[in-house]
Amino acid sequence: MHIGILQCGHTPEAVSEVHGDFDALFETLFDGQGLTFSTWDVVDMDFPATIHEADGWLLTGSRHGAYEEHAFIPALKDFIRELNSARKPVIGICFGHQIVAEALGGRVEKFAGGWAIGRHGYVIDGEEVHLNAWHQDQVIEPPDSARTVGSSPFCEHAVLVYGNHIMTVQPHPEISNDVLSAYLESRGQDPIFPRDKINTARAMLGSLGDEPRLATRLARFLKDARP
C-alpha cells in the first residue's frame, strides 16, 4: 500500500542529522508492515496534485499550532476535507491529529494543564499502552463525526476515529526513546519547557514503550479502511 506523507513540520536539526526528518521516522516505525511511502513537504507549500497520488495518507507532527495563521494551514485543511469526503484512509499524528480535528469542525487549544513531554500512559479501546509525547496543544472539542477511542488522565481525546477511514493519535509512536533522547538534548534547555517535565522524561528513557504495537494497529487500520 502506497502512503503519502504530508510533512507538516520538520524535526530539529540535531534530531534530523542522526535520525532523519519526520518522514524517515515513520518509515522506520512502519518497517516490515508492507507500506511504501512518498513525501510532500506541505509545511513548505509542497502539496500533492490530487488526493489520488497515494492509496492512503499520513499527517505528521509540527511545531506550529493548527489554529495559527500560516500559509500552508488553510490549504491543508481543504486537502483534509477533500480526503474525508472521498473517505480516503488517513492517519494523523500529534499536529496531524489536531489539524484533522480543526479541519472537520473540532477545536484545538493550548491545554491549561501545560506540556506533555516523554512517556505517558494511554488507554486505547480498553488496552493500556505507553508512548512518548511532546505537546501542549490538545483537541479540546472533537468534531461531531469523531469518536474518542483513546485517552489518558492528561489528554481526554488522545485517539480519535472518524468512520472507518481516519484515525488520529496525539502522542508520537514514531519517537522512540533514542529519538526522544535527541529531542531532549536539542530542546531540553529551552525555558519554554518545564524543567521538571524534561527531567522526568530523561529519567524514563530506559522504560519500554508500545510503539511497535501501535504501528501494527495503525498499518492495519490503513489497509482495512475502505472508501
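Colleague: Which residue in E10 is the bridge partner of Ala146?

Modeller: Happy to! Ala146 has Tyr162 of E10 as its bridge partner. Keep in mind that this is a predicted model, where local features need pLDDT of at least 70 and side-chain atom pairs pLDDT 80 or more, while totals for chains, interfaces and linings use all residues. Numbering runs from 1 along each chain as its sequence is written, and side-chain values use heavy atoms, without hydrogens and water.

Strands E9 (residues 146–151) and E10 (residues 159–162) pair in the antiparallel sense over 4 bridges (pairing takes at least two DSSP bridges; strands are DSSP E runs of at least two residues, helices H or I runs of at least four, numbered from the N terminus). They belong to an open sheet of 9 strands with mixed pairing, ordered E2-E1-E3-E4-E11-E10-E9-E6-E7. On average, neighbouring strands here are turned by 25 degrees against each other, direction ignored (axes are lines fitted to C-alpha atoms, for helices over the stretch in contact; angles run from 0 to 180 degrees between N-to-C directions).

Arg119 counts as buried because its relative accessibility is 9% (the cut-offs are under 20% for buried and over 50% for exposed, partly exposed in between, with a 1.4 Å probe and protein chains only). Beyond four places in sequence, Arg119 touches residues including His130, Leu131, Asn177 and Glu211, contact meaning heavy atoms within 4.5 Å. Ala225, by contrast, is 106 residues from Arg119 in sequence and 29 Å away in space, C-alpha to C-alpha.
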